[in-house]
Amino acid sequence: MIVKIEKAIDISKKLRKEGRVVVLAGGCFDILHSGHTRFLKESKKQGNKLFVLLENDVNVAKLKGANRPINTQKERAEVLSDLRSVDYVVLLPVMEIDNDYDKLLLAIRPEVITTTENDPDIEHKKRQAKMIKAKLVSVIGRIEDRSTSRINDIISKK
């Protein structure tokens, strides 16, 4: 299910009251590949409901470069929401500072935040997990030959 932030907050509160474990993962997920699906499948195993924070197009372009994203946030959300492992796709607005993300995590309050080994944002995620007293779990190693940037490079050269 694709939801806006306000709905995600309401759902997570309800789930926590029911004693369910809320898991949070995030990313760009521009061209979905096996590394993404493995990450999401392993993330889901960490609890009852998986929320995926999906970056907006402006932030993806800042993170990945001027020709990105390949797919719009709406298109990326549609693909993610069709995966069995994903319960909720949360559409993120433009968020420019850590404080914006911190407020969101304080409101959703997942019990688990998932990441990959060698995540370049690991210190940021450690800080957030500590702030909300969540468990930070590295669910898979980074798969170097499976990245959207690599796939995009291959396609661009053809």
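Predicted model: local features only at pLDDT ≥ 70, side-chain atom pairs only at ≥ 80, totals over all residues.

Numbering runs from 1 along each chain as its sequence is written, and side-chain values use heavy atoms, leaving out hydrogens and water.

Start by selecting 98–108 and 122–132: these are helices α5 and α6, whose axes come within 10 Å and cross at roughly 40 degrees. (Helices are DSSP runs of H or I with at least four residues, strands are E runs of at least two, both numbered from the N terminus; axes are lines fitted to C-alpha atoms, for helices over the stretch in contact, with angles from 0 to 180 degrees between N-to-C directions.)

Now show side chains. From α5, Asp98, Tyr101, Asp102, Leu105 and Leu106 meet His124, Arg127, Gln128, Met131 and Ile132 of α6, contact being heavy atoms within 4.5 Å.

Next, jump to Pro69 in the loop between α3 (57–64) and α4 (73–81). Its peptide bond from Arg68 is cis, with omega near 5 degrees.

What is the phi of Arg109? Select Arg109, in the loop between α5 and β5 (112–116), and you'll find a positive value near 50 degrees in a non-glycine residue.

Last stop: Lys133, in the loop between α6 and β6 (135–140). Lys133 isn't a glycine either, yet has a positive phi of about 60 degrees. For context, most residues other than glycine have a negative phi, and most peptide bonds are trans.
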